[in-house]
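Here is a short report on one protein model.

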Amino acid sequence: KTSQQLEQISRALSRAINDARRLVSELRPLVIDEEGIVEAIRYLIAEKRYAESIKITFIPHGLHERLDPLLEGNLFRIVQEALNNVIRHSDAGAVSINLTESTSTIKLTIKDDGAGFNSEDVPLDRFGIRGMRERARIFGGTLKVRSESGVGTTIDAEFPHDKKLTQSQLAD
């Protein structure tokens, strides 16, 4: 009986350790700090593809230098929240993520082919979309959500590009 209890405790402890590692990783994956936002999004997509049966494509354009670390973290959180919403609510088969850097802006577009929704039907106590908008606002950006029942949802976020905040300049 004692060995059975020890085995149960051992399994429960292993699950707790794995859950703690997953939660820490979701807070700020080390890949953001080590390799930047593009690799962090690829890492997140690989995680979601493994856990869910959804096709996710990611196309980065023009990202040649690291961005401000706080902006990279916020971009990651927006993508993470959007993917979580797609998986939980949309019944989508495919999601596309585009991240584009130009001389004046950074644009993030996340589009799914899911069920869509009416924004007026989202309860006020839900913070996902509101949190994404707030993350964009903090960096002087905007985030718009377009959704139509049966057609899917598109999230467009746009941030002003401040070349002074690139990672290479922060290191100087």
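## Helix 4 and its setting

Helix 4 is mostly covered, with 16 of its 22 residues buried. The model is a predicted one. From first C-alpha to last, helix 4 reaches 30 Å, close to the 32 Å expected at 1.5 Å a residue. Asp68 caps its N-terminal end. There, a side-chain oxygen of Asp68 lies 3.1 Å from the backbone nitrogen of Leu70.

The protein has six helices and five strands. Along the sequence they follow the pattern α-α-α-β-α-β-β-α-β-β-α. Of the 172 residues, 33% count as buried. Among contacts between residues at least 6 apart in sequence, 66% join residues at least 24 apart.

The five strands form an open sheet in the order 1-2-3-5-4, with mixed pairing. Strand 1 (55–61) and strand 4 (142–148) stand at the edges. Each has a single partner strand, so one side of each is left without a neighbour in the sheet. Neighbouring strands are turned by 10 degrees against each other on average, direction ignored.

| Strands | Sense | Bridges |
|---|---|---|
| Strand 2 and strand 3 | antiparallel | seven |
| Strand 3 and strand 5 | antiparallel | eight |
| Strand 4 and strand 5 | antiparallel | seven |

Some facing residues can be named. Ile97 stands opposite Ile110 in strand 3. Lys107 stands opposite Glu158 in strand 5. Arg146 stands opposite Thr154 in strand 5. Strand 4 and strand 5 form a hairpin with three residues between them. In that turn, Gly150 has a positive phi of about 80 degrees.

Helix 4 lies across strand 1, strand 2, strand 3, strand 4 and strand 5 (152–160). Helix 4 runs at about 10 degrees to strand 3. Helix 5 (residues 128–138) lies across strand 4 and strand 5, and runs at about 150 degrees to strand 4.

## The nonpolar core

Which residues touch the most other members of the largest nonpolar core? They are Leu75, Ile97, Leu108 and Ile110, in a core of 33 residues. The elements giving two or more residues to this core are helix 2 (30–35), helix 3 (37–51), strand 1, helix 4, strand 2, strand 3, helix 5 and strand 5. The largest share, eight residues, comes from helix 4. In soluble globular proteins, nonpolar side chains tend to be buried together.

Take Ile97. Leaving aside residues up to four places away in sequence, Ile97 touches Ile45, Ile56, Thr57, Phe58, Ile59, Val79, Leu83, Leu108, Thr109 and Ile110. That list includes Ile110, the residue Ile97 stands opposite in strand 3.

Ser90 lies in helix 4, which covers residues 69–90. Is Ser90 buried or exposed? Its relative accessible area is 7%, under the 20% cut-off, so Ser90 counts as buried. Beyond residues up to four places away in sequence, Ser90 touches Asn85, Asp112, Gly114 and Ala115. The C-alpha atoms of Ser90 and Gly116 are separated by 6.3 Å, although these residues are 26 apart along the chain. The side chain of Ser90 also reaches the backbone nitrogen of Ala92 at 3.0 Å.

Asn85 lies in helix 4 too. Asn85 has a relative accessible area of 17%, so it is buried. With residues up to four places away in sequence left out, Asn85 touches Ser90 and Met132.

Just after helix 4 comes Asp91. Asp91 is found in the loop between helix 4 and strand 2. What phi does Asp91 take? It is positive, about 55 degrees, although Asp91 is not a glycine. Most residues other than glycine have a negative phi. At 75% relative accessibility, Asp91 counts as exposed. Ser90, by contrast, is buried at 7%.

How values were computed: Residues are numbered from 1 along each chain as its sequence is written. This is a predicted model: local features need pLDDT of at least 70, side-chain atom pairs count only at pLDDT 80 or more; totals for chains, interfaces and linings use all residues. Side-chain values use heavy atoms; hydrogens and water are left out. Helices (H or I, at least four residues) and strands (E, at least two) are DSSP runs, numbered from the N terminus. Buried means under 20% relative accessible area, exposed over 50%, partly exposed in between (1.4 Å probe, protein chains only). Contact means heavy atoms within 4.5 Å. A polar contact is a pair of N or O atoms within 3.5 Å; within protein, one must be able to donate a hydrogen and the other to accept it, and residues adjacent in sequence count only if both atoms are side-chain atoms. The expected span of a helix is 1.5 Å times one less than its number of residues. Two strands pair if DSSP finds at least two bridges between them. Axes are lines fitted to C-alpha atoms, for helices over the stretch in contact, and angles run from 0 to 180 degrees between N-to-C directions. A nonpolar core is a set of buried Ala, Val, Leu, Ile, Met, Phe, Trp, Tyr and Cys residues joined through side-chain atoms within 4.5 Å.
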